[in-house]
Amino acid sequence: MDTITLNEQSGVKDGVDQDTVDAVREVGGKYKHGWSTDIEMDYAPKGLTPDIVRLISKNNDEPEWLTEWRLAAYDRWLTKTEPTWAMVDYPEIDFQDQYYYARPKSMAVKPKSLDEVDPKLLATYAKLGIPLKEQMILAGIEGAENAPAEGRKVAVDAVFDSVSLGTTFQDELKKAGVIFCSISEAVREHPELVKKYLGTVVPVNDNFYATLNSAVFSDGSFVYVPPGVRCPMELSTYFRINAENTGQFERTLIIADKGSYVSYLEGCTAPQRDESQLHAAVVEIIIEEDAEVKYSTVQNWYPGDENGKGGIYNFVTKRADCRGDRAKVMWTQVETGSAVTWKYPSCILRGDDSQGEFYSIAIANNMQQADTGTKMIHLGKRTKSRIVSKGISAGKAQNTYRGLVSMHPKAKESRNYTQCDSLLIGSECGAHTVPYIEVKNNSSRVEHEATTSKVDDDQLFYCRSRGMDEEEAVALVVNGFCKDVLQALPMEFAMEAQALVAISLEGSVG
Amino acid sequence: MAEAVQKPNPTEEMIATLEMPSAGWSVAARQNALTRLRATGLPQRRDEYWKYTRPDTLIQPVAEPAAVFENDEAQLFDDVDRLKIVFVDGTFDADASDDLALDGITIDRLEQTDADLHWARDLYGTLEQNGQTPVARPLAALNTAFASDGVLIHVTSTPSKPVSIIYRHASTTSDAILHHFVKVDSGAELTLLENGPAAARLNKVMEIDVADDAAFHHVRAQGRDHERRAATHIFARLGARSLFKSFTVTVNGVMTRNDCIIELTGDDASAHVAGACVGDGAFHHDDTVFVTHDAVNCESRQVFKKVLRNGATGVFQGKILVKAGAQKTDGYQISQSLLLDEDSQFLAKPELEIYADDVACSHGSTSGAIDEEALFYLRARGVSKNEATDLLTLSFLAEAVEEIAQESLRDQINGRLASWLGRRSD
């Protein structure tokens, strides 16, 4: 793919068509999703008590077993303490000074279809550029309708604060046997599947935030791909936090049955507010024999202002369990938003010959702090994993890669390759690497490489001498630095991600 | 009402078994160290810094006994012209030692300097104290407080030959605490050799203050006694344009924890720390290195190689910390293990923490079995399997051994490694 710059003067670069440049220019500017939707909301009372847990459960029409499950998680949560080992620093969170449930009033009675959803809500997604109409367009980028569509479809589940507004292309997916709906709908329509898999990859008591999520999760997506089915389109969930002082606790459960394939995209934004907001999600993925799941995230929560005021605290537990032989999972993440990120999408490689991949770009600018990485737990024979992590720090930000590669004694002839590179822009930021490597058998090979460097002066000079200003030059060099990861993203996301890389670094030079 | 049962406090239990001198210039420093030790307590299993090594046998009040390993090998460095200082089970052996006099340096013993004034008075324990942040090293604080002896070497100009400290192990129940301080003045250079198993259990600290334009070379061979245990710390502070080079070879020993804490405080300084270890069976070897760059244009290099077989465990925890303003830093770190069978394991945590932008830092870590193709190549040329394995093992260790600056010492270490590898039954 050609690298795109945002140069106003020099016009279109060779090999890049005008539409693409325009599309990318569209997303330029400061945090552009910082507006909020003025809409009447129903809140659960502030704070967290067993009654709030029951209320959330009741609002979702949940069966009793799930209410009990949540309450048990709540009890567990009370006994747990917040983890402090990450290299992040933020004021103490008052967990009783939050709303745990917020729903647009118009969603009190569940609309039968997206056509019945409050136009204000639909307009919110239209403004974000998220297609809730069932048409063939590229997701994620405004103006991208003009870009050459390849006839690819993307089904979207739109989650607004605590509720899912609806899911597109459900009928067409149903024909293929794929279930794609909000988790609350899945609890009602497919309780046997939810009961069988929920909490089996990320146990209720896994960690402080996962336990909290288990107690209060409100909505999120559910995907089931039956044996042998290749999901006919990309699935996507778009999370929007809108309400003030409200945490979002989404729960996503993806099951890829034997021999199936699905590609899932996740996007997120939030309004610009002075108060920090909490987002604690759990994503569980189960991959059976010969199945494959691709999970891509472009995380663009509001990062706070340049003085560190406001922004989302993003404390997320994501884990994939390759249960069957030859199962395969690929995590790709572009982390540009959030004031604080604490996130380690992991792979349990249980089946023989299973594979896990993790591609990550984490960009921290201004006062942002990111502590992110992955865990690759090799249990099965001949399992393979690959980690490519690119961390970029600018302004006064701190960016940490933290990861674990564990080769268990029985994981004979397994293989891991890890590369983590850090780039520093400016003298007030920090870049850190904290890998754990545990090798307990000798037929496996583990390789870890990490580098830290600054933006190369020669490369910058080269770009500058060709008429780019300094920020554009840095954006171009950084895009080149991230290329390995950008290439692993689905096309729609790659474009958005590439543009985001440029935006996130704005103001970091000079 | 019955009194609540007090849980035994391992730190206080350990302190109760030890004795601190009541007089002399070191008392104030020892008291301070005891306060530090009490503040942090001895390391526990759940401490992050002891994630891969169980501190139990290092912190129990009475050391586990260790048989003395009898062998007919010539002592390492025997043919090197050197000044010998001998400790047997942690006690100075005047008869076996040379006269502690050499042009360019003064050597005193910690135990004997009971006068109130000594050049080491304001230095003893200071580098150890400095090395307690950001990570506490309680065993080193314990050492500063209770060390029974050690040498205080002040290098004013470059001596004609190396100083060699020899540690003999004679008693199966010996428990030694030794603390050395080396001060290398501006422009001077010292080579320090250390070898031998020391005791059933050894707790050793060496503080090294390397002034501007000075150089310090260190080659250490930890004894081969299978059952011995050791916790050692090196704390080094480097001035501008100074050079610090430390190499350690470890063969056998049921428990070894080597901490090396280096701070580059002057511009253009260079620190290299390297280790080669070969372990069998119950062997547990932990290299923990912490290099802090706090000056401009400094270089640091960490090279650690571990060969493990029959269930041996190798641990590497290395960190490069580049402080804000330490621009033009060149930091390099490599840790590699060669696992010769299915039962051995390698556990590593190679870290970078960087707060300056104009730096080039990298680390690499690999683990794997012997290269079958290389083995096949040698076998096809008539080399026996054992010999071929040894050859490949030596070549694997070579990068670490190369870190020794003096060729003659390098050759000695290589020769010794070859012969040790050859003696499979030991």
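# A loop, a chain contact and a helix pair

A:Asp290 sits in the loop that links strand 11 (282-287) to strand 12 (292-299) of chain A; strands (E, at least two residues) and helices (H or I, at least four) are DSSP runs, numbered from the N terminus. This is a predicted model, in which local features need pLDDT of at least 70 and side-chain atom pairs count only at pLDDT 80 or more, while totals for chains, interfaces and linings use all residues. Residues are numbered from 1 along each chain as its sequence is written, and chains are lettered from A and ligands numbered from 1 in the order in which they are written.

**Backbone details to look up**
- A:Asp290 has a phi near 60 degrees, a positive value in a residue other than glycine.
- The peptide bond leading from B:Thr133 to B:Pro134 is cis, and its omega is near 0 degrees.
- You will find B:Pro134 in the loop between helix 4 (126-130) and helix 5 of chain B.

**Where the chains meet**
- Chain B has 30 residues in contact with 28 residues of chain A (C-beta atoms, placed from the backbone, within 7 Å).
- On the side of chain B that touches chain A, strand 19 (345-354) and strand 20 (360-368) each supply at least two residues, and strand 19 gives the most, with ten.
- That side of chain B divides into 14 nonpolar, nine polar and seven charged residues (Ala, Val, Leu, Ile, Met, Phe, Trp, Tyr, Cys and Pro count as nonpolar, Asp, Glu, Lys and Arg as charged, and the others, Gly among them, as polar).
- Strand 24 (residues 445-454) of chain A runs antiparallel to strand 20 of chain B, and seven bridges join them; two strands pair if DSSP finds at least two bridges between them.
- A:Thr452 has B:Cys361, in strand 20 of chain B, as its bridge partner.

**A helix pair in chain B**
- Helix 2 (residues 27-40) and helix 5 (residues 138-146) of chain B have axes that come within 7 Å and cross at roughly 150 degrees.
- That makes helix 2 of chain B roughly antiparallel to helix 5 of chain B.
- Among the residues that meet here are B:Ala33, B:Leu34 and B:Leu37 from helix 2 of chain B, and B:Ala141, B:Leu142 and B:Ala145 from helix 5 of chain B.
- By class, this helix contact has eight nonpolar, two polar and two charged residues.

**Annotated region**
- For residues 174-396 of chain B, UniProt lists "domain: SUF system FeS cluster assembly SufBD core" in an unreviewed entry.
- Over residues 174-396, chain B is 9% helix and 61% strand, with the end C-alpha atoms 35 Å apart.

Note on methods
Axes fitted to C-alpha atoms, helices over the stretch in contact; angles between N-to-C directions. Parallel < 35°, antiparallel > 145°, perpendicular 65-115°, else oblique. Contact = placed C-beta atoms within 7 Å. UniProt positions renumbered as here; feature names shortened; annotations may be inferred.
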